[in-house]
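Hello,

Here is the structure we talked about. Please open it first, then read the notes below.

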2 protein chains.
Amino acid sequence: MRGQKEKLTIKQVAEAAGVARSSVSRAFTRPEMLSPETVRRVLHAAEKLGYVPNQTARALSTGRHGNVALIVPDIANPFFPPLIRAAQMEADRSDFCVFLGNSDEDPKQEDKLVGRFVGQVEGLILASSRLSDERIRAHAAQRPLVLINRDVEGIPRVLIDSGSGVREAVAHLAELGHQHIVYVAGPVTSWSNKQRRLAVRKSAERLGLKVDIVPAIVPSYDAGREAVTAIMTTGATAAIAFDDLTAQGILAGLADRKINVPSQFGVIGCDDVLGAATYPSLTTVSNRSVEAGKAALSLLVELLQSQSARDIRYVLDTHLVVRNTTIVHKE
Amino acid sequence: MRGQKEKLTIKQVAEAAGVARSSVSRAFTRPEMLSPETVRRVLHAAEKLGYVPNQTARALSTGRHGNVALIVPDIANPFFPPLIRAAQMEADRSDFCVFLGNSDEDPKQEDKLVGRFVGQVEGLILASSRLSDERIRAHAAQRPLVLINRDVEGIPRVLIDSGSGVREAVAHLAELGHQHIVYVAGPVTSWSNKQRRLAVRKSAERLGLKVDIVPAIVPSYDAGREAVTAIMTTGATAAIAFDDLTAQGILAGLADRKINVPSQFGVIGCDDVLGAATYPSLTTVSNRSVEAGKAALSLLVELLQSQSARDIRYVLDTHLVVRNTTIVHKE
DNA sequence: CTGTTAGCGCATTCAC
DNA sequence: GTGAATGCGCTAACAG
């Protein structure tokens, strides 16, 4: 009933095909070294027996296991799943398997995960790492490592530059006649938050807009909703939020107060993770997480193949996506 | 500059500690077999050299790699990330690493992923598998396998029973005076959809409500929004949607038509993946994906340890979460 | 308790 | 082209 689970090794195949074990091995890894006839015979026998090469043994022998690790701070943050998915698909194209780690925003946990993975992977990707530069460098010294949204010199990294999109956002608000806006900030330790805050500041200054900063600390729906009180006391007529979740909370807080969007107040998010699913649909800054995931993975694969070690810094720019929280806009 | 990366094996540690290689091995895996003194010496030497056991070699020798695989149809569907996260954390507790696979709703891809993973894992978890029963059984014959939201007899499975919550939803609507409701259906191949549809049907019947079915086919915001036309022509006064995304779309469609929720029309979602982030906040059926992920993983670990093979069917029930799309309700 | 030995399954020199 | 032999790093009997 249970089917034969007798260990199938290269040996049984060799016997069945009437060749040496090494030929079986070659048939799988370097068929061009064998006569077509031999290859055919081996493959046929293997197929019939249901043989499949033991990945572990192969890894021990060659030193390459065909695995990579991807660690993110929070899978449940909608920013990451598309990134993970893209990385996954790219890995698939190169026959790599990916270990996924969730650090839970905790540097210690992230360190632990790296340790656990490092023995079984050829390289790793750290997305929005919470590790210190030192730890990152230390790990990078062990294995090829690429960073996403973390700018550490000397370590290959892919960065999503939200600055460009945010500048467009400010210009958009200026065009609509807003003269006083507020930036609802995210985590102070976030590289992206810093970028965004600076971009708002600078372009507002250049365009002659007044700008206030309201902290939301943790980027979430609730934080956004609670920030509305502070936002309204500034007297601003529009807000740019650290991310879409925060913006969504702001929308809810505004609705609670019967403040109409966009006619009475304009709102702009960041990362475009909600699509058009808010009401009104959210004007936001585009998200490049898919490209980032894909780029990071292919960069890693490239690094793995050609041991090139030049300093790589891959930047993806963003742009404004105008929907209905800043202007009545057809869809 | 680059630090010494000379391969550190058990051998160097053995020499440094002045013991046999097997003692080094034991110090790491079965310290209780050694004198405390020896253990200390070995560990000290290992620490000093920066030695860390080679997982691959260990796996080849023991047959256990300490890895499991988790395959989901779509990481980007908000239902899965919390499940993945929970599984991850549970795996961590048992020192397992998890390979994550995204089948992209494609059985072929799912099969391919299983094949790629199976050589490096001790067991796998298939969440909402799109594979045929046969394929699932075939894979289960190779390796311990547990299913989530898929009911195949003989294969250990954990099921989220949305029936209980849906029955509460129907009762809730009946209490509010609704006499004619509609169920906005999801994918026909979905086990969960079937459950939900039946539960709506049966309890509506029992309570004397009229019920119509409107298909949304693919569960998404857009599908929900488009379904509103069909929903309104039925003359119903409330809708239960296959999932929260669909419900959210319905909310938007209703808003487009200036139909007030909940005073003119009631809406209930399923899975509670949006939290209170819709406006009005969505009444929905609770989600047990976190427990499901956790249970599946610990079940798998248990299976791995004690080769018990009894038929396990773990069911998680759900309940209604009342928010503001059915009744004006304080938060 | 600890050292010695023999594989785990495969890739890879070498000869033939 | 193909076969025989060696070793990847570690664990698991088996002795002592």
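**The DNA side**

By class, the residues near DNA strand C are nine nonpolar, 12 polar and six charged. Keep in mind that this is a predicted model.

DNA strand C is surrounded by 27 residues. The closest are Ile10(A), Ser25(A), Tyr51(A), Arg58(A) and Thr38(B). Which part of the strand faces the protein? Of the atoms of DNA strand C within 4 Å of the protein, 61% belong to sugar or phosphate, and the rest belong to bases.

- Ser35(B) places a polar backbone atom 2.8 Å from a phosphate oxygen of DNA strand C.
- Ala57(A) has a polar backbone atom 3.4 Å from a base nitrogen of DNA strand C.
- Ser61(B) has a polar side-chain atom 3.4 Å from a base nitrogen of DNA strand C.

Helices H2 and H4 of chain A, with H2 and H4 of chain B, are the elements that each give two or more residues to the surface near DNA strand C.

Now strand D. Here 26 residues lie around DNA strand D. Thr38(A), Ile10(B), Ser25(B), Tyr51(B) and Arg58(B) come nearest. Sugar and phosphate make up 67% of the atoms of DNA strand D that come within 4 Å of the protein. By class, the surface near DNA strand D holds nine nonpolar, 12 polar and five charged residues.

- Ser35(A) has a polar backbone atom 2.8 Å from a phosphate oxygen of DNA strand D.
- Arg26(A) puts a polar side-chain atom 2.7 Å from a base nitrogen of DNA strand D.
- Ser61(B) has a side-chain N or O atom 2.7 Å from a sugar or linking oxygen of DNA strand D.

The elements giving two or more residues to the surface near DNA strand D are helix H2 (21-29) and helix H4 (55-62) of chain A, together with helix H2 (21-29) and helix H4 (55-62) of chain B.

**The protein-protein side**

How much area do chain A and chain B bury between them? The figure is about 4,000 Å², with 52% of it on carbon and sulfur atoms. The contact takes 47 residues from chain A and 47 residues from chain B.

Eight salt bridges are found across the interface of chain A and chain B. In one salt bridge, the side chains of Asp95(B) and Arg116(A) meet at 3.0 Å, N to O.

Several elements of chain A each supply at least two residues of the side that touches chain B. Among them are H4, helix H5 (80-93), strand S2 (97-102), helix H6 (107-118) and helix H10 (221-234). The residues on that side of chain A divide into 22 nonpolar, 13 polar and 12 charged.

**How the two chains relate**

Best wishes

Terms used. Residues are numbered from 1 along each chain as its sequence is written. Chains are lettered from A and ligands numbered from 1 in the order in which they are written. This is a predicted model: local features need pLDDT of at least 70, side-chain atom pairs count only at pLDDT 80 or more; totals for chains, interfaces and linings use all residues. Side-chain values use heavy atoms; hydrogens and water are left out. A residue is near a molecule or strand if one of its heavy atoms lies within 4 Å of it. A polar contact is a pair of N or O atoms within 3.5 Å; within protein, one must be able to donate a hydrogen and the other to accept it, and residues adjacent in sequence count only if both atoms are side-chain atoms. Helices (H or I, at least four residues) and strands (E, at least two) are DSSP runs, numbered from the N terminus. Ala, Val, Leu, Ile, Met, Phe, Trp, Tyr, Cys and Pro count as nonpolar, Asp, Glu, Lys and Arg as charged, and the others, Gly among them, as polar. Contact means heavy atoms within 4.5 Å. Buried area is the accessible area (1.4 Å probe) that two parts lose on being put together, summed over both. A salt bridge is a side-chain nitrogen of Lys or Arg within 4 Å of a carboxyl oxygen of Asp or Glu.
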